[in-house]
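This report describes the pockets, the cavity and the helix packing of one protein model. Please consult the sequence and the structure shown here while reading.

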Amino acid sequence: MSESLFIAKIEYSCHKKEELFNKSKAKYAIRSMFAGAFLTLSTAAGVIAADVINGLVPGTGRFVFPFIFAWGLIYILFLNAELTTSNMMYLTAGTFLKKINWKKALLILLYCTFFNLVGALFIAFLFNQTSAFSHLTSNGFLAGIAEHKLSRPSQLVIFEGIIANIFVNIAILSYLLLKNSTAKIWIVISAIYMFVFLTNEHLAANFASFSLVAFNKIATQIEVFNLSNILRHFSITFLANWIGGGLLIGLSYAFLNGDEDTYTD
């Protein structure tokens, strides 16, 4: 008989999140802001690198950007920041396993989501005061990301969002279950690289890229970059990410490990 490491990790994580949220909402907010900030840091470096390498060999920026972006999630995991899309998995599984009340889980998730955005906006503002971001154009990589994503119809965003958070929570699960730090890093990079390369829709990643655009002059040069369209995109992506990470990964693994003592994760 073997105890499920997955259930033990879910129980510990839900307890830790709920305790911090109850004890200090300010501290929970800061940890959530760090998650949005870390992804914005890697996004900012990635889009500049993509522009540089595209200038040398057109089209190759798409291969470089996902690798740099992936380090943002590694920072989140190793530095204990609170990311909405991974919390979708933790909290949904925790609710199913009765490790946390669903009302509290939803409240924590929404609170985390809001402060992920605040963190992204803060770092994006800072980046747009730097020389690297003073030369962006509407033909650059960052503008291309924003325009491509915001031009998508809602039905397409749903499927892109489901796939994105399946990839992300494969990375999260692997990080939880593996012991070797080097293995954790490379399997996280592999999963994140894939969803970013495929341009799937990830809410916190979009917080990062859209925030970087919002404080830059290129925002006025992208026709689809307007508040109503951005809010449409965010809300649909949130739901789709929850389906992918919360239901298809979190709920599935909670079901697989519940009432099992032999074939466990």
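## The second largest pocket

Phe65, Ile145, Lys149, Val196 and Thr199 lie nearest the centre of the second largest pocket, which is lined by 20 residues. A pocket here is an open set of points on a 1 Å grid over the protein atoms alone, with protein on both sides within 12 Å along at least five of seven lines, where lining residues have an atom within 4 Å of a point. The space in this pocket is about 320 Å³; a volume is the space filled by probe spheres set on the points, with grid points joined across faces, edges and corners. The model is a predicted one, in which local features need pLDDT of at least 70 and side-chain atom pairs count only at pLDDT 80 or more, while totals for chains, interfaces and linings use all residues. Residues are numbered from 1 along each chain as its sequence is written, and side-chain values use heavy atoms, with hydrogens and water left out.

At least two lining residues of the second largest pocket come from each of H3, helix H6 (141-150), helix H8 (181-197) and helix H9 (203-214). Helices are DSSP runs (H or I, at least four residues), numbered from the N terminus. With 5 residues, H6 gives the most to this lining. By class, the lining has 9 nonpolar, 9 polar and 2 charged residues; Ala, Val, Leu, Ile, Met, Phe, Trp, Tyr, Cys and Pro count as nonpolar, Asp, Glu, Lys and Arg as charged, and the others, Gly among them, as polar.

## The largest pocket

The largest pocket holds about 540 Å³ of space. Its lining comprises 25 residues, and the closest to the centre are Lys16, Leu77, Asn80, Ala81 and Glu82. Two or more lining residues are given by each of helix H1 (5-23), helix H2 (25-56), helix H3 (61-78), helix H4 (84-96) and helix H7 (154-177).

H1 provides the largest share of this lining, 6 residues. The lining of the largest pocket divides into 14 nonpolar, 4 polar and 7 charged residues.

## The cavity

The structure holds 1 cavity of 30 Å³ or more. A cavity is a set of grid points where a 1.4 Å probe fits but cannot get out. The volume of the largest cavity is about 40 Å³.

Leu39, Phe69, Leu73, Leu83, Val168, Ile192, Phe195 and His202 form the lining of the largest cavity, and H3 and H8 are the elements that give two or more residues to this lining. In class terms, the lining has 7 nonpolar residues, 1 polar residue and no charged residues.

Two packed helices are described by the angle between their axes and the distance between the axes. The axes of H7 and helix H10 (residues 227-257) are 7 Å apart, at an angle of about 45°; axes are lines fitted to C-alpha atoms, for helices over the stretch in contact, and angles run from 0 to 180 degrees between N-to-C directions. H7 and H10 are therefore oblique to each other, since angles under 35 degrees count as roughly parallel, over 145 as roughly antiparallel, 65 to 115 as roughly perpendicular and the rest as oblique. The contact (heavy atoms within 4.5 Å) includes Gly161 and Asn165 of H7 and Gly244 and Gly245 of H10. By class, this contact has 12 nonpolar, 9 polar and 1 charged residues.

The axes of H7 and H8 cross at roughly 180° and come within 8 Å, which makes H7 roughly antiparallel to H8. Among the residues in this contact are Val168 and Ala171 of H7 and Ile192 and Phe195 of H8. The contact of H7 with H8 divides into 12 nonpolar, 1 polar and 1 charged residues.

## Packing of H3 with H7

H3 and H7 cross at roughly 40°, and their axes come within 12 Å. That angle makes H3 oblique to H7. Leu73, Leu77 and Phe78 of H3 make the contact with Ala171, Ile172 and Tyr175 of H7. The residues of this contact divide into 6 nonpolar, no polar and no charged.
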